[in-house]
Every structure is written in C-alpha cells, then in structure tokens.
Amino acid sequence: MEFHPYFIIYSGQQLPSYEEFYNNVMKKNIACLFRSQSLTEQWKSRKEWIANNTDDINFDHLVNKYGTLTVPVYNCNEKHFNSNTKTEMLFNEYVDYWRNVIKNDEQTLNTSNILYLKDWHLAQDSNCDDFYELPVFFESDYLNEYCQDEQITDFKFTYIGPKGSYTPLHIDVFGSFSWSANIIGTKRWLMIPEPYVKTLKQLIGEILPHNLYTLPNYKEIIEKVHGFEIIQKSGEILFVPSGYLHQVENIEHTISVNHNWFNACNLDRIYSNLMNALNDVQNEINDLKDDLMDEWNEMCDKILTIHFGMNRAYFLNIIRHIVTKRLLRRQSNEWEFRYKNDIECLSKIYGKILLNENFITKNNDDWKNCELLKNLLEKLTTSQKKISN
Ligand SMILES: O=C(O)CCC(=O)C(=O)O
Ligand SMILES: [Fe+2]
C-alpha cells in the first residue's frame, strides 16, 4: 500500500500489536481500517442477525428480540442544523418500513423519505451487550468506563440504515475518537484530517454543507484539504480519529455498532475543546455576568451541556473517577498494559485544571472533591520518589 499520512489499513489477517496501534494510530491521531475479520467473526450479531448463507438481515430474529423497544429515527431527506430531523418509533414499526423498502427496492428509495435508525443505545436499552465484543484496541476508554460505573447514558450505539441512508458531515461529540464495525453491509466514508478542518472553513466558510460532494468544485476542495475516501465492508472495523470531519453513506443496507470515547491519547484535545466551547458560551452571555453573579457560571455550564454535550463538572468527575481507580489498581498491583500512560496523562490534565481560573472560581462540592484527588496524587508522587531514591 502507498504511504498515506492520515490513514493506515491493516489488511487480511494482519493485526497490529496493542503497542503499535497505541503509538502509531491513536497517538498519531490517524484513521485506521481493520480489514481482518478476526475482530468480529465471533460476534453473536455477525451470526444471528444475518439470515443463513445470505447477505440479508434476519429481521424476524431482531423483531423477536427488540420489537417493542423505542428507537431514534432520522429522516435523511430533512435537514436540521448539521443533522437531520429526528423522531421516535417502535423497533417493529421501523422494521415494517424497512421490509417495505426492500420489497419495492429502488422505487421506494427514490420516491419516499430515507429513514435511518441511529444513535440507538441498544446494549443499554436491552440490558444485554453480548451481541458484540469490545476489541482490545479500544479497551482504554475513560468515557464509557465512567458511564458504566455511574450507570448513566453511555456512548455505545447501533446504526441500521437502508442503502442510500447517510450521516451528514460532522465532527464527533467532544471531538472524541470513534470506532465503527459493520455487522452487515458497506459504508463509504469521506474524511477530512483534523489539521485541515480550518483550511476547509477558510475555503468554503464556517457553515459547512451536509454533503461535500454537492459543492460544484468539490474535487478541487477535497484535494486541497487532503480529504480521502474509505470503503468499509461487512465485518470490518474503522477507527475514526479525534477532530476529523467525516460524512458517511450506507452504499448497501447496513447495520453497524460504534462507540465514542477518549483516553490518554486524546484527553488533551477533549480538554481544549471543552475550554474553547466554554469560552464561546462565556462570550455569548458576557453581558449577563454582572446581573447574574454566581448564577452566571451555572448558566454557562447549562448552555455548555446543551451545545457541547458536557460541562466542567462532568469532565472533572470523569478525571477524578478514572484516576482514583487507576491509583487503587496500582496500589493493589493489578496493573495492565492498557493503563500504562493513564496516571501520567490524568495528572497532567489535573494540573492544568488546578491552574485554570475557570475551574478555580467555582465554589461547590465538585471542586472540594478535587482536594481529595490532589492528596491522592501527592501521595503517589511521594511514593514514587521514595522508590526511585
Ligand atoms: O455510520 C454512520 O452513519 C456514522 C458513523 C459515524 O459518524 C461515526 O462512527 O463516527
Ligand atoms: Fe461520526
């Protein structure tokens, strides 16, 4: 394969070591396609969700299992800001729609709205996550570890879309990583590397189109911003780096699962994205600062949650939760290679938070708990010094 600065393919049976993936993919923040079926071939969903010896989806099985669950459905023909309009329906209603699409095939797709079932928290909603197994490469995941321990909404999703359904151009929530595995079907991705997102905005303006291919001079523009396409087939897994713009089309009827997450490799990016988003909110409501006094900070956090998906307290809680767990593990010698950079990375971010007046000015229990964390880290540094002396 030709060398590509923003994308690597592991083909056939070739799998990297965890170390290699960590250093050469996640840390370098480049996209990666796992062609090897070995990561998914044992998944229950790869066996049970596909009708015997065909490329068809086993809807009877899915309806039996999940028919009465309520699912989020997006209308690909109606724009809503940088996404599509969303409604909810029962899963068996969605399957009725789908069966109709398949029966009438092209005709239905050309004449009616394309409905895309996505961002479905299937594992959480069905209390059962045994339909896939987390590949070792994605195990270091502060976000979903925190959500699971706290029993709050996670960032693990299932997508079901007919041929022609698509996800408009976007950057993932918080600027997180995502991985996406096709259980059945094929996706075409267009990616713009993070270093060129700014260039793209300079070329075509801050408000980006849903679909870059609709621009009259799209070829020239995509070339200028080093955009590239990836075809992801059944059983293959794609790693999407932090901050890359991407748009995705299902070029066959497709089911996929994906996670959004962050870890030691991109925590810095998440932190600066949070700070930039906070800065935008503060500027937006700056004129209310004197009137609202203390409440102003709370209002900033509320707006931040709506616009960015999390606020300062949520971020700090994740840091505190994960670093505490890692320190306890270290004390009890339950150490694993996946966690090797965690404490160093988390303490660095924590150091930044302590010096950041946006965090210091707050005065409630959240920040008092920081003292606990500070003590823990101090203890650790002292014990490390003792060891090295
Ligand atoms: O598969 C799709 O439609 C979108 C997936 C995506 O955007 C992601 O995994 O980050
Ligand atoms: Fe995405």
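This is a predicted model: local features need pLDDT of at least 70, side-chain atom pairs count only at pLDDT 80 or more; totals for chains, interfaces and linings use all residues.
Q: Which residues are around ligand 1?
A: The shell consists of Tyr159, Thr167, Asp172, Ser178, Ser180, Lys187, Val240, His246, Val248, Ser256 and Asn258.

Q: Which elements give two or more residues to that shell?
A: Three strands do: E8 (177-184), E12 (245-250) and E13 (254-261).

Q: How many of the shell residues are nonpolar, polar or charged?
A: The shell around ligand 1 has six polar, three nonpolar and two charged residues.

Q: Changing topic: where does UniProt place the "coiled-coil region"?
A: The feature is placed at residues 271-298, again in an unreviewed entry.

Q: What is the helix and strand content of residues 271-298 in the model?
A: The chain there is 82% helix and 0% strand. The end C-alpha atoms of this stretch are 19 Å apart.

Q: On to packing. At what angle do H9 and H11 cross?
A: The axes of helix H9 (residues 267-284) and helix H11 (residues 294-308) cross at roughly 120 degrees and come within 10 Å. The two helices are therefore oblique to each other. H9 passes H11 in a right-handed crossing.

Q: Which residues make the contact?
A: H9 contributes Leu274, Ala277, Leu278, Val281 and Gln282, and H11 contributes Cys300, Ile303, Leu304, His307 and Phe308. By class, eight residues of this contact are nonpolar, two are polar and none is charged.

Q: What about H6 and H12, oblique or perpendicular?
A: The axes of helix H6 (residues 142-150) and helix H12 (residues 312-331) cross at roughly 90 degrees, so H6 and H12 are roughly perpendicular to each other. Their axes come within 10 Å.

Q: Which side chains' residues meet there?
A: From H6, the residues are Tyr142, Leu143, Glu145, Tyr146 and Asp149, and they meet Ile318, His321 and Ile322 in H12. The contact has five nonpolar, one polar and two charged residues.

Q: And how far apart are the axes of H12 and H13?
A: The axes of H12 and helix H13 (residues 342-355) are 10 Å apart, and the helices pack at an angle of about 140 degrees. H12 and H13 are therefore oblique to each other.

Q: Is that crossing left-handed or right-handed?
A: The crossing of H12 and H13 is left-handed.

Q: Which residues meet between H12 and H13?
A: On the H12 side they are Leu316, Ile319, Ile322, Val323, Arg326, Leu327 and Arg330. On the H13 side they are Asp342, Ile343, Leu346, Ile349, Tyr350 and Ile353. This contact has 10 nonpolar, no polar and three charged residues.

Notes
Residues are numbered from 1 along each chain as its sequence is written. Chains are lettered from A and ligands numbered from 1 in the order in which they are written. Axes are lines fitted to C-alpha atoms, for helices over the stretch in contact, and angles run from 0 to 180 degrees between N-to-C directions. Helices (H or I, at least four residues) and strands (E, at least two) are DSSP runs, numbered from the N terminus. Angles under 35 degrees count as roughly parallel, over 145 as roughly antiparallel, 65 to 115 as roughly perpendicular and the rest as oblique. A crossing is left-handed if the near helix is turned anticlockwise from the far one by less than a right angle, and right-handed if clockwise. Two residues are in contact if their C-beta atoms, placed from the backbone, lie within 7 Å. Ala, Val, Leu, Ile, Met, Phe, Trp, Tyr, Cys and Pro count as nonpolar, Asp, Glu, Lys and Arg as charged, and the others, Gly among them, as polar. A residue is near a molecule or strand if its C-beta atom, placed from the backbone, lies within 6 Å of it. UniProt positions are given in the numbering used here, feature names are shortened, and annotations may be inferred rather than shown by experiment.
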